[in-house]
Amino acid sequence: LRKIWLTRHGESEYNRMALLGGDSNITDSGRAYAAVLPDIVIDRVPLTSEGATMPVSVWTSTLKRTIQTAEHLPFPKLRWKALDEIHAGIFDGMSYEQIEEQQPEEFRARKSDKLRYRYPSGESYMDVIQRLEPVVIEIERERECVCVVAHQAILRAIYGYFTKTPLKDIPRLEIPLHTLIELVPKPDGRMAEERIPFD
Ligand code: F6P
């Protein structure tokens with residue numbers, strides 16, 4: 001059975017400062033995750049019926065933090081613009097605290113309808129779910145294993161799709177840093193799931 005792996009990028013400079021968006025580098029702690037990721041994945045590559053290891057392809061976004069995290073994975077790589085993190089529009093580079101302080105109405109609006117709230121000049125979760133449709137179709141069509149190295153909102157959408165999570169719950173799914181999520185499609189259409197944390 002083929003596998004689908006999902007992981008956020010290793011901790012970024014912006015994660016450390018609790019800022020939204022941007023295109024920052026990963027930190028030392030993020031690099032430590034990038035360094036162990038190949039061991040974690042290689043260990044879990046399934047065998048084909050002939051006993052060979054199944055091919056794997058690695059998909060990242062076009063942002064530095066995912067490319068750096070995938071750097072040591074010894075598999076072919078593909079960059080998807082559609083895997084870039086949710087665009088926070090005018091709030092890109094700000095913290096939640098700054099938004100709450102400077103634009104309390106926007107902050108409250110997002111809190112009350114996180115699925116449909118669209119950042120000014122940016123995106124909503126609904127927008128993200130829609131732009132990920134081609135990616136999800138490709139993952140389903142793919143016969144090899146796919147390792148998706150992406151971002152919090154993006155992985156909520158992809159994980160939510162494969163686990164048939166109701167739309168309204170997608171924006172609050174737990175997708176922690178430095179954790180590999182392994183999904184194995186079952187014959188009944190459901191997914192077996194395992195989470196492998198690295199600390
Ligand atoms: O904080 C990291 C991050 O990837 C931000 O770039 C992004 O805006 C945010 O997570 C998405 O999570 P939420 O929708 O919960 O704000």
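Analyst: First, a term: a residue counts as near a molecule or strand if its C-beta atom, placed from the backbone, lies within 6 Å of it. This is a predicted model, where local features need pLDDT of at least 70 and side-chain atom pairs count only at pLDDT 80 or more, while totals for chains, interfaces and linings use all residues. Residues are numbered from 1 along each chain as its sequence is written.

User: Great. Which residues surround the ligand?
Analyst: N15, L20, G21, E85, I86, A88, H151, Q152, A153 and P171 do.

User: And how does that shell divide into nonpolar, polar and charged?
Analyst: Five nonpolar, four polar and one charged. Here Ala, Val, Leu, Ile, Met, Phe, Trp, Tyr, Cys and Pro count as nonpolar, Asp, Glu, Lys and Arg as charged, and the others, Gly among them, as polar.

User: Switching topic, how many helices and strands are there?
Analyst: The protein chain has eight helices and six strands. Those are DSSP runs numbered from the N terminus: helices are H or I with at least four residues, strands E with at least two.

User: What order do the strands take in the sheet?
Analyst: It's an open sheet, β3-β2-β4-β1-β5-β6, with mixed pairing; two strands pair if DSSP finds at least two bridges between them. At the edges sit β3 (77-79) and β6 (191-197), each pairing on one side only.

User: How do β5 and β6 pair?
Analyst: In the antiparallel sense, over seven bridges, with β5 covering residues 179-185.
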